[in-house]
Amino acid sequence: MTVSPSILFVIAQPGAAAYFAPLWQLWSVDPSAPDWHLLIDPVSRRHVAAFDIDERRITDLRMVTGDGAENVMAGRDAATVVTSTSFHALERACLRWAVRSGRRAVQLIDAHYSYRQRIVDTNGPDLLPDAILLPDSIAAAEAASDGLPVERLRPLGYPLWEDVAAAPPADERRALFVSQPISSDHGTELGYTERSALALALQLATAEEGGFDEILLARHPREAKDDMPVHDRLHLVSSAGEGLLQAGTILGIYSSFLVEAVLAGRRTISLQPGAVGHDMCVLSRHGVIAKVGDAAGLRRAVQAPLVAPVAFRQAYAGSLQRLDSYLRSTDR
């Protein structure tokens, strides 16, 4: 008879996969680790390929669809269900099963924005997990202000950011633009899109003073790889991680990857041309990096002194240990 896992992860989001990857790698070689299993979508799985994770514990979540999830969950008899918050139907179905059957239900919000919206859009308006994992105390305070119950918030850290290595030397006139699917997620309500942000970067691609000799483009997994402007100084890279090694300046909008870039010691800038309303980028929101809306502002940000992110680095120390301890425990 097959022993069912006591902890089941349901992950349909690359960011969430990256968050948990160090834990899965640890548990893959630790004989004292809880019994666990992972349902994950193919795109997210590709983003943890660099980690040594026990393949026997991984199942393609496409094998489970719709209401059939509850039957699968009942068969697995998981004591804890952990899901991402990507609005996937399987996340909601598995969380519903966990709550109804009295099992511990845990969800991750891996980014510093849209806290309540992520929970409501994933679960529906009346379904809350026992615990919501968050990257840090900043996210916890903002999530509470956004209407999530403070007693359910768990700012355990971000294991992938705990030991970000310093990036190798690179020319700051080679920039990496980390794109996001702003148009499909928000339309034009933010005042900018990934297209207008990239267009701002390209304005400095030919400038002699404070300009860029080349811009590398890292597309988001939900963006079409062949959908990009044509420019002789714009070149596609396979991933943001690859671009980080090559580019001395990192440009983006509010992607969580910008935190990794800052921790790696790169000059990092948020591009928000025509921005209206709330600043979606936690780094610029808290004064860690510059937020710019035009070419003149971008030129100033490129030439400004580089400041080390000491407070952010300290915030993530011990993240893996805290996450490991929490999930091994029976704490709600």
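Predicted model: local features only at pLDDT ≥ 70, side-chain atom pairs only at ≥ 80, totals over all residues.

Student: Why are α1 and α14 called roughly perpendicular to each other?

Tutor: Helix α1 (residues 14-29) and helix α14 (residues 319-328) pack at an angle of about 70 degrees. Angles of 65 to 115 degrees count as roughly perpendicular, and therefore α1 and α14 are described that way. Their axes are 10 Å apart, and the crossing is right-handed.

Student: Which residues make the contact of α1 with α14?

Tutor: From α1 come Tyr19, Phe20, Pro22, Leu23, Leu26 and Trp27. From α14 come Leu320, Leu323, Asp324, Leu327 and Arg328. By class, that is nine nonpolar, no polar and two charged residues.

Student: Why is strand β5 said to be largely enclosed by the rest of the structure?

Tutor: A residue is buried when its relative accessible area is under 20%. In β5 (residues 104-108), five of the five residues are buried, so the strand is largely enclosed. Arg104, Val106 and Leu108 point one way, while Ala105 and Gln107 point the other way, and all are buried.

Student: How do you know that β4 and β5 pair?

Tutor: Pairing needs at least two bridges. Strand β4 (residues 80-83) and β5 have four, in the parallel sense, so by that cut-off they count as paired. Thr80 stands opposite Arg104 in β5.

Student: What makes β10 and β13 edge strands?

Tutor: They belong to an open sheet of six strands, in the order β10-β9-β8-β11-β12-β13, with parallel pairing. Each of β10 (234-237) and β13 (290-292) pairs on one side only. Elsewhere in the order, β11 (residues 249-252) and β12 (residues 267-271) pair over four bridges, and Gly252 has Ser270 of β12 as its bridge partner.

Student: What packs on that sheet?

Tutor: Helix α12 (residues 295-303) does, touching β11, β12 and β13. The direction of α12 makes about 165 degrees with that of β12.

How values were computed. Residues numbered from 1 in each chain as written. Heavy atoms only, no water. Axes fitted to C-alpha atoms, helices over the stretch in contact; angles between N-to-C directions. Helix = DSSP H or I, 4+ residues; strand = E, 2+ residues; numbered from the N terminus. Parallel < 35°, antiparallel > 145°, perpendicular 65-115°, else oblique. Left-handed = near helix turned anticlockwise from the far one by under 90°. Contact = heavy atoms within 4.5 Å. Nonpolar A, V, L, I, M, F, W, Y, C, P; charged D, E, K, R; others polar. Buried < 20%, exposed > 50% of the residue type's maximum accessible area, 1.4 Å probe, protein only.
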